[in-house]
Amino acid sequence: MSDETRPHRTAAVIPAAGRGVRLGPGAPKALRALGGTPMLIHAVRAMARSRAVSLVVVVAPADGAAEVRLLLDEHPLPDRAEVLVVPGGDTRQESVRAGLQALPADVTSVLIHDAARPLVPVDTVDSVVEAVRDGAPAVVPALPLADTVKEVEPGRPGEPEPVVATPDRARLRAVQTPQGFDLATLLRAHAEIAVDGEGATDDAGMVERLGVPVVVVPGHEEAFKVTRPLDLVLAEAVLARRRATDAY
Ligand code: C5P
């Protein structure tokens, strides 16, 4: 079968193996509750809600895969999507790679979605999938910035830091997930691009380094990443508003 006639199958990989230390002490971030339901369950539902997604691979903490499987079995998820759990690695990049390795051979495109973005609306997921299916090898949802950004010479915490440059804000975007990829392209990026230290925090960045074009589509303010304690307050407020409007 040629590439043009091969049917599309889109899977989602959710790296959820991080500890989320910036959120404060407690359970791994993905297992923290939002509106009484673990963040990870929200994230899986957000992917499975898209009709295009027929498989979700959850990358669990290496010592917590059984616990995550139990959690998924306890919460209702759309029947349409199969959900697999695999153990993750020491960095996000290793966790994503573990998820990619679990994908069956008929998957043609993949979404990589952070468990830490539990509230991404289905329309954002669908628009990423659509752009990939229309032929873009890598697609990133993103928003313009509200703040002006300064590049600095990093100093010690709390000390003044010299400003190096002020990039033109109109040309900057804050990127979100799910990021969408032609699977072969992302596998090539993971095989060929070595990232030092903590590893890549952004899969599209690895594809850029292959010299493959990456495009941005509009993101959504509700796709924010739950990183710090205040983000939990915002996430609870978004959920309460959704419940009040009966959207969920
Ligand atoms: O820490 P940060 O918020 O940047 O993590 C982004 C996502 O990557 C989270 O969903 C986290 O669970 C995941 N991650 C992972 N494996 C790691 C580190 C982070 O799956 N070793």
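Visitor: Let's start with the ligand; how many residues surround it, and which are the closest?

Guide: In this predicted model, 15 residues surround the ligand, and the closest are Pro 15, Ala 17, Gly 18, Gly 89 and Ser 95.

Visitor: And by class, what does the shell around the ligand have?

Guide: The shell has six charged residues, five nonpolar ones and four polar ones.

Visitor: Which side chain has an N or O atom 2.7 Å from a nitrogen atom of the ligand?

Guide: That is the side chain of Ser 95. On the oxygen side of the ligand, an oxygen atom is 2.9 Å from a polar backbone atom of Ala 17, and an oxygen atom is 3.1 Å from an N or O atom in the side chain of Lys 29. The ligand taken alone exposes 460 Å², of which the protein buries 85%.

Visitor: Back to Pro 15, then: where is its place, and is it buried or exposed?

Guide: Pro 15 belongs to strand 1, which covers residues 10–15, and with a relative accessible area of 10% Pro 15 counts as buried, because that value is under 20%.

Visitor: What is Pro 15 in contact with, leaving aside its neighbours within four places in sequence?

Guide: With those neighbours set aside, the contacts of Pro 15 are Val 59, Arg 92, Ser 95, Val 96, Ile 112, His 113, Asp 114 and Ala 115. Ser 95 in that list is also the residue whose side chain has an N or O atom 2.7 Å from a ligand nitrogen.

Visitor: Changing topic, why is helix 1 largely enclosed by the rest of the structure?

Guide: Helix 1 spans residues 39–48, and nine of its ten residues are buried, so the rest of the structure largely encloses it. The buried ones are Met 39, Leu 40, Ile 41, His 42, Ala 43, Val 44, Ala 46, Met 47 and Ala 48.

Visitor: Which residues is Pro 118 in contact with, leaving aside neighbours within four places in sequence?

Guide: Pro 118 is in contact with Leu 34, Met 39, His 42, Ala 43, Ala 46 and Val 226; among these, Met 39, His 42, Ala 43 and Ala 46 are buried residues of helix 1. Although Pro 118 and Ala 46 are 72 residues apart along the chain, their C-alpha atoms are separated by 6.9 Å.

Visitor: Where is Pro 118 found, and is it buried or exposed?

Guide: Pro 118 sits in the loop between strand 6 (109–112) and helix 4 (122–133), and it is buried, with a relative accessible area of 4%.

Visitor: What about strand 7, which strands does it pair with?

Guide: Strand 7 pairs with strand 12 in the parallel sense over four bridges, whereas its pairing with strand 10 (residues 173–175) is antiparallel and has three bridges, and that with strand 11 (residues 179–182) is antiparallel over two bridges.

Visitor: Which residues does Val 139 stand opposite?

Guide: Val 139 stands opposite Gly 180 in strand 11 and opposite Val 215 in strand 12. As for Ala 142, its bridge partner in strand 10 is Val 175.

Visitor: Why is strand 7 largely enclosed?

Guide: Five of the seven residues of strand 7 (residues 138–144) are buried, so the rest of the structure largely encloses it.

Visitor: Last one: where is the place of Glu 222, and what does it touch?

Guide: Glu 222 lies in the loop between strand 12 (215–218) and helix 7 (229–244), and it is buried, with a relative accessible area of 11%. Not counting residues up to four places away in sequence, Glu 222 touches Leu 119, Val 120, Pro 121, Val 238, Arg 241 and Arg 242.

Key. Residues are numbered from 1 along each chain as its sequence is written. This is a predicted model: local features need pLDDT of at least 70, side-chain atom pairs count only at pLDDT 80 or more; totals for chains, interfaces and linings use all residues. Side-chain values use heavy atoms; hydrogens and water are left out. A residue is near a molecule or strand if one of its heavy atoms lies within 4 Å of it. A polar contact is a pair of N or O atoms within 3.5 Å; within protein, one must be able to donate a hydrogen and the other to accept it, and residues adjacent in sequence count only if both atoms are side-chain atoms. Accessible areas come from the Shrake-Rupley method with a 1.4 Å probe; for residues, only the protein chains shown count as cover. Ala, Val, Leu, Ile, Met, Phe, Trp, Tyr, Cys and Pro count as nonpolar, Asp, Glu, Lys and Arg as charged, and the others, Gly among them, as polar. Buried means under 20% relative accessible area, exposed over 50%, partly exposed in between (1.4 Å probe, protein chains only). Contact means heavy atoms within 4.5 Å. Two strands pair if DSSP finds at least two bridges between them.
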